[in-house]
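The following note sets out a number of points for a colleague who is reading this structure for the first time. Please keep the sequence and the structure in view while going through them.

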Amino acid sequence: MTEQALRLGTRRSRLAMAQSGQVADAVSQVTGRPVELVEITTYGDTSREHLAQIGGTGVFVTALRDALLRGEVDFAVHSLKDLPTGQPDELALAAVPVRADARDVLIARDGLTFAELPDGARIGTGSPRRMAQLNAHARDLGLTIETVPIRGNIDTRIGFVRGGELDGVVLAAAGLQRVGRTHEVTDFLPVDIILPAPGQGALAIECAADNADLVAALAELDDPYTRAAVTAERSLLAALEAGCSAPVGAFADLLADGQTVKELRLRGVVGTTDGSTLVQLSTTGPVPETHDQAMALGRELAAEMLAKGAAGLMGERVH
């Protein structure tokens with residue numbers, strides 16, 4: 001008798017299906033059980049409103065979590081940057097696999113890099129975080145750009161450039177990698193210039209907290225360094241009381257001495273969307289060994305940023 005298939009809940013977008021398919025293969029290997037994808041439509045997929053207006057982070061996650069809680073699926077895969085910072089008690093964040101490229105990238109017409117953009121270039125992004133940093137970076141280069149709010153899937157966004165409506169769009173490198181479209185990138189934007197969204201490039205694998213066997217099996221896919229990094233980033237975001245519609249960038253990376261990982265550096269930025277004011281700080285500490293240590297790192301940096309005036313740059317604070 002063949003073992004019953006595990007049901008993996010996923011969004012229907014091409015990107016979600018690609019990343020869920022990759023996780024399904026890995027879970028199949030560690031559990032020895034087949035995995036079937038169960039497509040679930042979320043409010044974020046059907047609504048045409050801007051993400052900031054429909055409630056930011058939770059819109060892609062709620063339907064998947066509901067299906068988990070109802071027992072319609074056994075586990076779910078999310079883009080970690082879509083997850084609200086509060087974790088429901090009934091669900092376990094069983095694994096955070098090794099992170100993909102966390103950078104943002106530019107896809108511009110005529111193969112242009114960011115520095116080669118003409119003055120007044122129209123750059124599409126739905127993210128206030130990207131707008132703030134792109135405008136600030138342009139100003140540093142003596143450029144004026146216009147950031148244009150857009151949304152839609154990867155095809156739709158790149159279509160604005162191919163159709164001549166925009167000079168370029170900024171997307172996450174990881175998403176393009178997962179759908180095999182990295183060759184269209186015209187410029188990789190270093191994290192030193194554009195800090196990514198907290199958790200960008202990482203996936204979250206979630207299941208019911210009381211399913212101990214599945215929690216243990218999925219935990220084999222967990223990467224402790226990635227988990228420590230994204231936990232610190234998300235703790236910063238939570239302490240700034242900011243949802244995904246706030247212009248907050250954060251990135252934690254490991255500082256190694258040869259082969260030995262010595263420290264974790266956490267950088268954070270918050271700014272006005274026109275890029276005229278940014279509060280950007282970093283902190284470095286021992287690599288966190290526990291969840292609480294990683295959380296503390298994020299909270300400490302957030303407190304410093306708030307002391308430097310970050311609160312006033314975020315618009316409405318979420319209560």
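1. How many bridges join E4 to strand E10, and do they run parallel or antiparallel? In this predicted model, strand E10, residues 203-208, is joined to E4 by four bridges, and the two run antiparallel. Within this pairing, Glu 206 of E10 is the bridge partner of Leu 93.

2. The buried residues of H3 are Ala 63, Leu 64, Arg 65, Ala 67 and Leu 68, and their cover includes E1, E3, E4 and E10. Just after H3, Gly 71 has a positive phi of about 80°.

3. Strand E1 deserves a separate remark. Four of the five residues of E1 are buried, which leaves the strand mostly covered. E1 pairs with E2 in the parallel sense over five bridges, and Leu 6 stands opposite Val 35 in E2.

4. Which residues have the most contacts inside the largest nonpolar core? They are Leu 236, Leu 240, Leu 264, Leu 266, Leu 301 and Met 305, in a core of 17 residues. At least two residues of this core come from each of helix H8 (224-239), strand E11 (248-257), strand E12 (260-271), strand E13 (278-286) and helix H9 (291-307). When neighbours within four places in sequence are left aside, Leu 301 is in contact with Leu 236, Leu 266, Arg 267, Gly 268, Leu 281, Ser 282 and Thr 283. A second, separate core has 16 residues, among them Ala 24, Phe 75, Val 77 and Leu 203.

5. The second largest pocket has a volume of about 290 Å³. It is lined by 14 residues, and the closest to its centre are Thr 85, Gln 87, Arg 234, His 291 and Met 295. H8 and H9 each supply at least two residues of this lining; the largest share, six residues, comes from H8.

6. Most residues other than glycine have a negative phi. Asp 110 is not a glycine, yet its phi is positive, at about 55°. Asp 110 lies in the loop between strand E5 (104-108) and strand E6 (121-124). Is Asp 110 buried or exposed? With a relative accessible area of 64%, Asp 110 is above the 50% cut-off and is therefore exposed.

7. Finally, some totals place these points in context. The chain contains nine helices and 13 strands. Of its 319 residues, 52% are buried. Among the contacts in the chain with a separation of 6 or more, 71% are between residues 24 or more positions apart.

Conventions. Residues are numbered from 1 along each chain as its sequence is written. This is a predicted model: local features need pLDDT of at least 70, side-chain atom pairs count only at pLDDT 80 or more; totals for chains, interfaces and linings use all residues. Side-chain values use heavy atoms; hydrogens and water are left out. Two strands pair if DSSP finds at least two bridges between them. A nonpolar core is a set of buried Ala, Val, Leu, Ile, Met, Phe, Trp, Tyr and Cys residues joined through side-chain atoms within 4.5 Å. Buried means under 20% relative accessible area, exposed over 50%, partly exposed in between (1.4 Å probe, protein chains only). Contact means heavy atoms within 4.5 Å. On a 1 Å grid over the protein atoms alone, a cavity is a set of points where a 1.4 Å probe fits but cannot get out, and a pocket is an open set with protein on both sides within 12 Å along at least five of seven lines; lining residues have an atom within 4 Å of a point. Grid points are joined across faces, edges and corners, and a volume is the space filled by probe spheres set on the points.
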